[in-house]
Amino acid sequence: MRTVNRIVAALVALAFLVGGVLVAVEIVLGLAGRDPWIIPWDAWYRDARQHDWATASVRWLFAAIGAAGVALVGLQIVPRRPATLPFRSDNDGELVIGRKSVESTLARAATRIDGVDRASTRLGKTTVAVKAHSHRRDPGDLAGVVTDAVRNAHHRLQPNQTRDVRVQLKHRNRR
Amino acid sequence: MNAPDRRNRVTLSIIATLLIAAATYGLLRSYGAFGDAPAHEPLLLDDVRRWVGRNDSWFWPVVAIVALLLAYLALRWLLAELRPQTSVRRLHLPAPSPEDHISVTTNALTRAIAEDLNREPGVQHATVTLLDDGHPIEVLLDVDLSDDTQIDLLRDAVRLRTLPHLRETLERPDVHSHIRVKLTTPPARHLQ
């Protein structure tokens, strides 16, 4: 979501940059008595004088502006997971670890276990959610083994925060 | 939330608020919330048109200047998005007298520190960026670290070797580090 917001921010900035320069150029051309260059401001001026506020096209225009505003607000209030996790700090400085790289590390710890085909993890504030897949028909205590492996891997990283490990194991059905 | 994220959220929220306010006013007016007459006035109000006509000697130049100012701010915003991490290219060092000025380019220094870090156990790739040359000097260490390496080994390497090396080179005791670690797959080991 952070990346989407940065892309949107770059596009909005680009739109303001291009729009601002175009408006200034059109004003200079207009003051010099020249025709519009790119922005058809003479046609817009005519439309704005001919159409009243209750015209359907005007309503659609305001609805589109409102929808863009609501979409932008929505993008800002979507909760974001932190990109980095803080680890112990001291007088010399601070150390953070990329959240996604921690999730990949914990997933690798799970997939190293015999019987686990693939695994993914999601780090929350107080939990590590693990989704693991096994080809075994009878996984036995595989979920417990995965839990221990992920917990140990997480502990080895010495994070500021302890987290409960919750494993969801999917396996082949018995026939 | 880091500074670029905060800046984007604040700026986009302000723009979104203005858009919603304009749309709300326009829709309320078009549906007659302010009376039937305002709903059937032309979009470009006669009062506004006449006022602009009376003041067009200064109005349009001012609009052009405001548009260029907005474009300039947008350019800075865009550049900040494209280069989120600003770095210090030249560092001013303590001089023996007030008349003297000593400064060094930081490229060679940050490269040397990164090469030192690359030799530490488990470090697969490191880059060093000088963020601020104030008090303290702020340095960002981006390190790709094998996930089978103890984080404390890296912390000790930075605390015992990297930072003292930097302090000695810069002749400044106040160097503060930000270490940003990305854990990576350990390199494959081949038996021969």
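**Exercise 1. Contacts and overall form of chain A**

Find what share of the contacts in chain A between residues at least 6 apart in sequence join residues at least 24 apart. Then describe the build and the extent of the chain.

*Solution.* 
Step 1. In this predicted model, 46% of those contacts in chain A join residues at least 24 apart.
Step 2. Next, list the elements: chain A has 5 helices and 5 strands. In sequence order they follow the pattern α-α-α-β-β-α-β-β-α-β.
Step 3. Now look at the extent. The C-alpha trace of chain A spans about 80 × 55 × 25 Å along its principal axes. Its radius of gyration is 28 Å, whereas a compact globule of 175 residues would have one near 16 Å.
Step 4. Finish with burial: 22% of the 175 residues of chain A count as buried.

**Exercise 2. Where the chains meet**

Work out which element of chain B gives the most residues to the side that touches chain A, and how that side divides by residue type.

*Solution.* 
Step 1. Start with the totals: 53 residues of chain A and 50 residues of chain B take part in the contact.
Step 2. On the side of chain B, at least two residues each come from helix H1 (3-30), helix H2 (36-39), helix H4 (56-82), helix H6 (151-170) and strand S5 (175-184).
Step 3. H1(B) gives the most, with 16 residues.
Step 4. By type, the side of chain B that touches chain A holds 29 nonpolar, 11 polar and 10 charged residues.
Step 5. Strands also meet across the two chains. Strand S2 (residues 93-98) of chain A pairs with S5(B) in the parallel sense, over 5 bridges. Within this pairing, A:Ile97 has B:Val181 as its bridge partner.

**Exercise 3. Two helices called H4**

*Solution.* 
Step 1. List the buried residues. In H4(A) they are A:Val102, A:Thr105, A:Leu106, A:Ala107, A:Ala109 and A:Ala110. In H4(B), B:Ala67, B:Ala71, B:Ala74 and B:Trp77 are buried.
Step 2. Look for their packing partners.

**Exercise 4. The nonpolar cores**

Identify the residues that touch the most other members of the largest nonpolar core, and follow one of them, B:Val143, to its contacts.

*Solution.* 
Step 1. The largest core has 41 residues, and A:Ala110, A:Val130, A:Val146, A:Val150, B:Val143 and B:Val181 touch the most other members. H6(B) gives the most to this core, with 6 residues.
Step 2. Leaving aside neighbours within four places in sequence, B:Val143 is in contact with B:Leu117, B:Val123, B:Ala126, B:Leu154, B:Ile179 and B:Val181.
Step 3. There is also a second, separate core of 10 residues, which includes A:Ala9, A:Val12, A:Ala13 and B:Ala74.

**Exercise 5. A hairpin and two residues of chain B**

Describe how S3(B) and S4(B) are joined, then decide whether B:Thr110 and B:Glu171 are buried or exposed.

*Solution.* 
Step 1. Strand S3 (residues 123-132) and strand S4 (residues 137-146) of chain B run antiparallel, joined by 8 bridges. They form a hairpin with 4 residues between them. B:Val123 stands opposite B:Leu145 in S4(B).
Step 2. B:Thr110 lies in helix H5 (residues 107-118) of chain B. With 20 other C-beta atoms within 10 Å, B:Thr110 is buried, because 20 or more are needed.
Step 3. B:Glu171 sits in the loop between H6 and S5 of chain B. Its 9 C-beta neighbours inside 10 Å make B:Glu171 exposed, since the limit for that is 12 or fewer. Its phi is near 55°, a positive value in a residue other than glycine.

Terms used: Residues numbered from 1 in each chain as written. Chains lettered and ligands numbered in written order. Predicted model: local features only at pLDDT ≥ 70, side-chain atom pairs only at ≥ 80, totals over all residues. Contact = placed C-beta atoms within 7 Å. Nonpolar A, V, L, I, M, F, W, Y, C, P; charged D, E, K, R; others polar. Pairing = 2+ DSSP bridges. Core = buried A, V, L, I, M, F, W, Y, C linked by C-beta atoms within 7 Å. Rg over C-alpha atoms; globule rule 2.2 N^0.38 Å.
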